Amino acid sequence: MRPPEGSDYSCRSSIPRSERPPRMRGQMAGVDLDVLRHSAAHLMAAAVCELFPGAEYAIGPAIEEGFYYDFLLPEGARISDSDLPNIEQRMREIQGRDPAYERLEVDRDAALLEFNRRSQRFKVELIERIPEGELITCYRTGDFFDLCRGPHVGRASQIPAFRLLHTAGAYWHGDESQPMLQRVYGTAFPSASELEEYLQRVEMARQRDHRRLGRELDLFSLPEELGGGLVLWHPRGAVVRTVMEDYWRREHQRAGYQLVYTPHLARERLWEVSGHLGFFADEMYGPIAVEGDRYRVKPMSCPFHILIYRSRPRSYRELPLRLAEIASVYRFQRSGTLHGLLRVRGITQDDAHIFCTEEQAEEEIVGVLELASEMLSRFGFKELEVDLSTKPAKAAGEDRMWELAEAALDRALRRRGMEFKVNPGEGAFYGPKVDIHIRDAMGRRWQCSTVQFDFNEPERFDLEYIGPDGAAHRPIMVHRALLGSLERFFGVLLEHYGGALPFWLSPEQVRLVTVSDDQLPYALEVVAALEARGIRASRPRPGETMPAQIRDGEMAKVPYLAVVGRREVEAGQVNLRDTRGGSKTLVGVDELAARLAEETEQA
RNA sequence: GCCGACGUAGCUCAGUGGUAGAGCAGCGGUUUCGUAAACCGCUGGCCGGGAGUUCGAAUCUCCCCGUCGGCUCCA
């Protein structure tokens, strides 16, 4: 029932950057960064309390890239980004007074009394949640007094470099029924130069934001007239997508999958039978009236593939049956969670369902893992991280099936030599699963592939096959997606490569550049020769100076610029500028075509 | 959905109550050039939408729409 795709349900927070690299954490130049940042959070809270008397402070931990602190401000007050410089200024003033971070062990009653006296309801609540008998510690920094486990730096002056970054709303305990607090994010480093470096890194990440690249490289758009979370693939983006899909289909056919097509709508009754209306209704769009009947837009493909399976009696001889489809599905996502291509409502899922016998399950999983590794590696993701999630407390299906499926996943992973982490109880209610994550060039972690057993739907649709014994048996069903969603995978690819896609995926692989318009006819011949070899080559723009053409080509991130002037025309060559490697080589046209065709092959 | 910020030309942005601006892109012309921007000119705006305040609103107020940053990484 749960979607076999990695695009959406895997991430708790709106932006999959919850899965961040560990590299900024821990020790740095002999200073514990977490301690430094946690101390900076206290310093900030002290400043906020001075500037906004009556502010209540909630929690203020060190996080991956800095720290935050949550506040409930007095009625009518608010902190906006424009207040950040003032708060920073006040933090520096406090540093000038250089208070110590003074650790106090207090007993529960004294702590409660103190925080009640200070009207700090969140701290009171936190104390009440501390188990009886556990040591309670507080820290005093000048006038600021906080419940805190520590440790901290000795004095406020020992925080050499900090910067407040932005504000946000955050629910107390992340719970929508709780009050909305104001969160202030900041970061701190042992030196000004490290802070500067960090800020530059953030700026670099901004530069390679896929939404920006999508516009600059004319790949896709998400116009607001169209509606939130819906993507228009422009011609250049569509070229990339076509290359991805062609590759995907070829690999799947080679791996024994059969391709199918299914519609975008189905009668509501089908979604009742499948259980989606019970478990997934919140993410489905409302009914569409059709001749007195109700239809729903599909959020997943599984019921369709099941109907194909069920279209006639099945024999054990035709198992495993692997049905694959690059399918458009639509899921409602709250507007606040939409994010470029990374979280959309119109999703293209690279979906497949495997129907097999119990004995075949392990072999099938091995096959899926192999295909996933191969495809992800072809796209440039060699480092994979794998999670195996097992039976949760509430689960459908017999224990015997769970044991069988978990064992199949475990053995398949071992056979493939893949290291993995077990997440006990994290499986879907309908079956255990394996998720594969990739790391991009900036160290961020993304979920892509997912392989999920499903004991629920075969039951609901009463699937069977006739075994060698002549009796009916229930097949095993496995959902799996390898790229997750094409939208999201494309977004990740773009950011991973900073827009400079590998040659085989490049929307435009070679662009001809002329020294003057005199070489136009020759340039067109070269384009034709390259196109004849299946290379995506494009003609020069007449009337442009050569430096302008070079610059345009560089900015469009075309892998190769083939410059032709009088000398090249005479020699039947091009002067090939490699925009990635920076080299320039003279090469004959035939050789160029052969070389580029080969480069597509190996990738 | 909720909190906050933002919304001015295709893009990046300036303009804080008094005639809507710049650069790039686009279009037209001139130039025909050897590895990241030739030169000149022109077009282009319901200042996100609606209501209000005002003699006068891109600018102030309210509502709506959209986008962006976030919404436990637990003292």
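Begin by selecting strands E6, E7 and E8, which form an open sheet of three strands in the order E6-E7-E8 with antiparallel pairing. Helices (H or I, at least four residues) and strands (E, at least two) are DSSP runs, numbered from the N terminus, and two strands pair if DSSP finds at least two bridges between them. The edges of this sheet are strand E6 (101-106) and strand E8 (144-147), each of which pairs on one side only. From one strand to the next, the twist averages 25°. Axes here are lines fitted to C-alpha atoms, for helices over the stretch in contact, and angles run from 0 to 180 degrees between N-to-C directions; contact means heavy atoms within 4.5 Å. Within the sheet, strand E7 (residues 136-141) pairs with E8 in the antiparallel sense over four bridges, and Thr141 has Phe144 in E8 as its bridge partner.

Before going on, note that this is a predicted model, in which local features need pLDDT of at least 70 and side-chain atom pairs count only at pLDDT 80 or more, while totals for chains, interfaces and linings use all residues. Residues are numbered from 1 along each chain as its sequence is written, chains are lettered from A and ligands numbered from 1 in the order in which they are written, and side-chain values use heavy atoms, with hydrogens and water left out.

**The whole chain**

Zoom out to chain A, which contains 18 helices and 30 strands and whose C-alpha trace spans about 80 × 80 × 50 Å along its principal axes. Of its 603 residues, 52% count as buried, where buried means under 20% relative accessible area, exposed over 50%, and partly exposed in between (1.4 Å probe, protein chains only). Among the contacts in chain A with a separation of 6 or more, 72% are between residues 24 or more positions apart.

**Helix H2**

Next select helix H2 (residues 84-97), whose 14 residues reach 20 Å from the first C-alpha to the last, close to the 20 Å expected at 1.5 Å a residue; the expected span is 1.5 Å times one less than the number of residues. Which residues of H2 are buried? They are Leu84, Ile87, Glu88, Met91, Ile94 and Gln95. Looking down the axis of H2, you will find that these buried residues fall within an arc of 115°, so they line one face of the helix; the arc is that of the directions from the helix axis to the C-beta atoms. The buried residues of H2 pack against helix H1 (33-51), strand E9 (161-171) and strand E10 (180-189), whereas the face turned away from the buried side carries the exposed residues Gly96 and Arg97. After H2 comes Asp98, whose phi is positive, near 50°.

**Two crossing helices**

Move to helix H7 (residues 235-254) and helix H14 (residues 486-497), whose axes come within 12 Å and cross at roughly 110°. The two helices are therefore roughly perpendicular to each other, a description used for angles of 65 to 115 degrees. Show the side chains where they meet: Gly237, Val240, Arg241, Met244 and Glu245 in H7 are in contact with Leu486, Glu487, Phe489, Phe490 and Leu493 in H14.

**Leu482**

Now select Leu482, which lies in strand E25 (residues 476-485) and counts as buried, at 0% relative accessibility. Beyond its neighbours within four places in sequence, Leu482 is in contact with several residues, including His252, Asp350, Cys448 and Leu371. Although Leu371 is 111 residues away from Leu482 along the chain, their C-alpha atoms are separated by 8.1 Å.

**A mixed sheet and its helices**

Finish with the open sheet of five strands in the order E27-E26-E28-E29-E30, in which the pairing is mixed. Strand E27 (537-538) and strand E30 (584-588) stand at the edges, each with a single partner strand, so one side of each has no neighbour in the sheet. Helix H15 packs on this sheet, touching E26, E27, strand E28 (560-564) and strand E29 (573-578), and its direction makes about 165° with that of E26. The buried residues of H15 (residues 520-532) are Leu520, Tyr522, Ala523, Val526, Val527 and Leu530, while Pro521, Glu525 and Ala532 on the other side are exposed. Helix H16 (residues 546-555) lies across E26, E28 and E29, running at about 165° to E26.

Conventions
Angles under 35 degrees count as roughly parallel, over 145 as roughly antiparallel, 65 to 115 as roughly perpendicular and the rest as oblique.
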